[in-house]
Amino acid sequence: MSYQVCLFWLLFYSSMGWTASQDWGMPSCAKKGVWINRSHQHLKEIPKDLPESTQYLDLSYNNLTSLNDVDLQLLQNLCFLRLSNNRIRFVSEACFQMNSNLEILDLSHNLLETIPYLPLRYVLGLRVLDISGNLYRSYSLGNTFATLQKMTVLNLGSPHAPCINKKDFTSLHNVTLKVVKFSNGVNLQKYEAGSLVQLQMLEELSINMSFCGKVPMLTAMLRDLNQTKVRNITLGYFSSKDCNQSIDPFRGLSDINTLEKLTFTHSWISSSLITYILPKLGQSNIQVLVFQNITYDDNTGGIYFNGVNGSTRISLMKSVIFDGVTHYQYNYPLIYINLTLFLHIAYVKFSHSGMNISPCNLLPDIISLEVLDVSNNLLDDTGFWRSRCNYTNVFPSLQKLNLSHNQFKNLGFISSKLHQMKVLDTVDLSFNSIDNPDTCSWPAKMTTLILSHNPLGNTVFNCLSKYFLVLDLSYTQIDALSSDALSRLPRLTKLYLTGNFIKQLPSHLEAAHLHTLYINFNSINIISQNMLQGLPQLRQLNAGNNTLYCTCDMYWFTAKFDKNLLVEWPDSYTCNYPSNWAGKTLATYNPNIIICNQLFQALIGVGTGVFMCIVLALLCYCCDAVWYFRMLCMWIHVKRSQSRKSGEMETPIYQFDAFISYSEEDSVWVTDHLLVTLENAAFRICIHKRDFTPGQLVIENIINCIENSYKTIFVLSKQFVKSEWCHYELYFAQHRSLNIQQDSIIFVLLEPIPSNSVPRKFVKLRKLLNRKTYLEWPQEAQKQQIFWSNLKGILETGNKSIVLIKAPTDAALDDTDQVLSHKSSLR
């Protein structure tokens, strides 16, 4: 059942004077009802626009004057109808003809001059009927009531009905009526003996009227009730200030064997009246005595009771409740009662009584007392533990002590005094004035402490016991919760921190046994996994009404946390940040898993990295990046070595006009034709067989020859493209050409090279052949002269400022671990 419906029924029963402890059950439609509330709207007739599915209809506090045949005929599902506090005088006999599902009907506080029994013949399932506060002149119930076999609650009352006659309730003889209440202006002048006997199944009777001067009427009623199953009698407005109480009004009370509870409410209670009641408690089976909202007048100088002469019977009394006591002329009672006659009292409540000192000669000596409630009084530390009283061996059975809504201040003092109560396990100190607690010493058996609504602050964690199982620190001005504070409470199972100023939970909240945590109404922004992972037993969490951030930090809480553990989910969980989410429920926040999940981000990052590495590796493989990188490193190494040996010169100086790069397979043509022809034409030519410096690395020799030659001639053939050393020389020559910003490369095509015969590895060579003009060696003799003329022309058109020097004769070089390998063997 929803919270709203439960609250509604609680208010409804309270308004009719019924307590929450009474089990009338809910209407059969309570779990699926459609509730329409049109109260306090000055309506003069029942609205015509009510949904046909209406099951709960509240039209109280309006100006309705009648119920006609057609007013409710469309509401066939109606099970609850409240029409109290209107001006209804007329109820049609057929007004409920179409409302056979009606279970609860409230017609109280209207102007009915007769009890409308005929309309009730259509609602045989009626369970609760309230017709109190009307103007009928008789309590006579028509024969129709005999058909209401399911009715359990009947509320009557009229200031114009002075008598209760035996025949009035004859129709209820076989009805399972359990509760009858006479309220709202009842002013009986006559009661006919035997009237209440008709109510054979009666369990509770409530009468709101003064019995002052009407003791015989009360006696007759009590005598009749002895023939019923009554367990609870409530007497409201029983006595008044000027009432003469010289005659015992409770004769016959002890004869009611089934009576368990006697309640006095809204009445003037004197010490003499209580003196009449006490003997009945020892002679009857009454277990609960309640005085609620009374005015006490000590008209006999105190309450004295030492037992009934000739009787040693121990009272069965278990509970005594004084809730709401006004002391007439500030006359506080003096109580002298032989407590050995009350050995079963387990619960005592003195609340809203103005008590400022504890009766140390009474309460502590009730050896059977298990629960003491002195809340809503004026008690303070020394008022409850009075210095003049002896508190040795007091409250031997007390387990629960309620000191809430008083004026206690010193928590350390209170904790030390509680050691006097050997079996105490629960103390309620809420709504006091306790602040800045010092060192405390709590009894080891005490497991529950309620300190809510006290200005304690964070220092309260220095004043707690490691034995606590349940701790309520709601509304205590705490602004921080630390892991260290919880570590001092290793056995804690329930912690309530509602209504504080906590902004952040510790990153590792450790409480191995905690299963209930309330942190609602704080200022918490983020609830992450690492904050709660130290709570393995958590079964209930209330984190609503905080200033929650709807960001990725809340991803785990919104997506992964078990919402069945959350109290008030989802209504109390709303976003406070960012602004575009403010006011929206957290349940509607669905962040992108890729953006917010760190594992996904890591997987995507690693996957992307692996993919890029694979792509890069493939590119390097396809483009010989490793080879080019190695060549670049060699070039840099050689250039650095050269720079250490000599500085830069403004004018380039060359030893040779050209360096010839060729495959060893083409060496015959190179030596017999190319080399002879060029050197005969006075060109200085460099070839590896003759001009490489012994003792240097091959790569260093290649680079030096290219660097010291004005041009580099590449003899291209099918064998050339297969030679790795030729490709090194081509790479370094191109690098040098770019470095000096001058075209220093000459291609001589010795034989045709099909484009598909050039390996993929030599992509650079393929591009150069497509981009540059090359000289092709002709087979015809007459064309060969043109070839030599063109080649010599290219070598002769160089910069005339170029300086040629004589080749060095000193072969002394730096020592090295690697000697020159025979290049011919590698070509």
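Author: Let's start with a rule: a charge sits over a ring if NZ of Lys or CZ of Arg is within 6 Å of the ring centre and within 35 degrees of the ring normal. This is a predicted model, where local features need pLDDT of at least 70, side-chain atom pairs count only at pLDDT 80 or more, and totals for chains, interfaces and linings use all residues. Residues are numbered from 1 along each chain as its sequence is written, and side-chain values use heavy atoms, leaving out hydrogens and water.

Reader: Which ring face does Lys-584 lie over?

Author: That of Trp-581, at 4.9 Å from the ring centre. Lys-563 lies over the face of Trp-569, 5.4 Å from the ring centre.

Reader: How do I read an aromatic pair?

Author: A pair of aromatic rings is described by the distance of the centres and the angle of the planes. Rings of Phe, Tyr and Trp (its six-membered ring) pair if their centres lie within 6.5 Å; planes under 30 degrees apart count as stacked, over 60 as edge-to-face and the rest as tilted. The structure holds 34 aromatic pairs. In one of them, the centres of Phe-169 and Phe-182 are 6.3 Å apart with planes at 50 degrees, so this pair is tilted.

Reader: Are Phe-169 and Phe-182 buried or exposed?

Author: Both Phe-169 and Phe-182 are buried (under 20% relative accessible area; exposed is over 50%, partly exposed in between, with a 1.4 Å probe and protein chains only). Trp-385 and Phe-413 make an edge-to-face pair, 6.2 Å centre to centre with 85 degrees between the planes. Trp-385 is buried at 4% relative accessible area, while Phe-413, at 26%, counts as partly exposed.
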